[in-house]
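Hi,

Here's the structure I said I'd pass along. Have a look, and my notes on the strands and the salt bridges follow below.

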Amino acid sequence: MTSETARAARNRLGDLIDRALRGEHTVITRNGKEAAAVVPVSLLRRLRLLEDAADRRAVLDALHEPAYALDEVLRETLERAR
């Protein structure tokens, strides 16, 4: 993985795209801090699939958690505040 400043990346965008097509990753920095990356689109697609799978797991986990009625929660909260 290489690193380029934003200014250099702007001037060498075609080269960065060629690198990404070869499977290389380039981090772009701005003011000395990592700001973006040029990566192969296949990597981005895999990341999205992983995020989608994690989201599905979170929804399924939430569906198995116990549910509480709002009026019950409010009543218990008010009782604790007394």
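Strand 2 (residues 26–30) is largely enclosed by the rest of the structure, because four of its five residues are buried. Keep in mind that this is a predicted model.

On one side of the pairing, strand 2 runs parallel to strand 1 (residues 2–5), with four bridges between them. Thr5 has Thr29 in strand 2 as its bridge partner.

Now the charged side chains. The count of salt bridges comes to seven. Some of the residues involved form a network: Glu4, Arg12, Asp15 and Arg19 are linked in it. Within that group, Arg12 and Asp15 form a salt bridge with their closest N and O atoms 3.0 Å apart, and Asp15 also meets Arg19 at 3.4 Å, N to O. Asp15 and Arg19 are about one helical turn apart, because they sit four residues from each other in helix 2 (residues 13–21).

Another salt bridge joins Arg22 and Glu24 (3.4 Å, N to O). Here Arg22 is exposed, at 56% relative accessibility, and Glu24 is partly exposed, at 32%.

Cheers

How values were computed: Residues are numbered from 1 along each chain as its sequence is written. This is a predicted model: local features need pLDDT of at least 70, side-chain atom pairs count only at pLDDT 80 or more; totals for chains, interfaces and linings use all residues. Side-chain values use heavy atoms; hydrogens and water are left out. Buried means under 20% relative accessible area, exposed over 50%, partly exposed in between (1.4 Å probe, protein chains only). Helices (H or I, at least four residues) and strands (E, at least two) are DSSP runs, numbered from the N terminus. Two strands pair if DSSP finds at least two bridges between them. A salt bridge is a side-chain nitrogen of Lys or Arg within 4 Å of a carboxyl oxygen of Asp or Glu.
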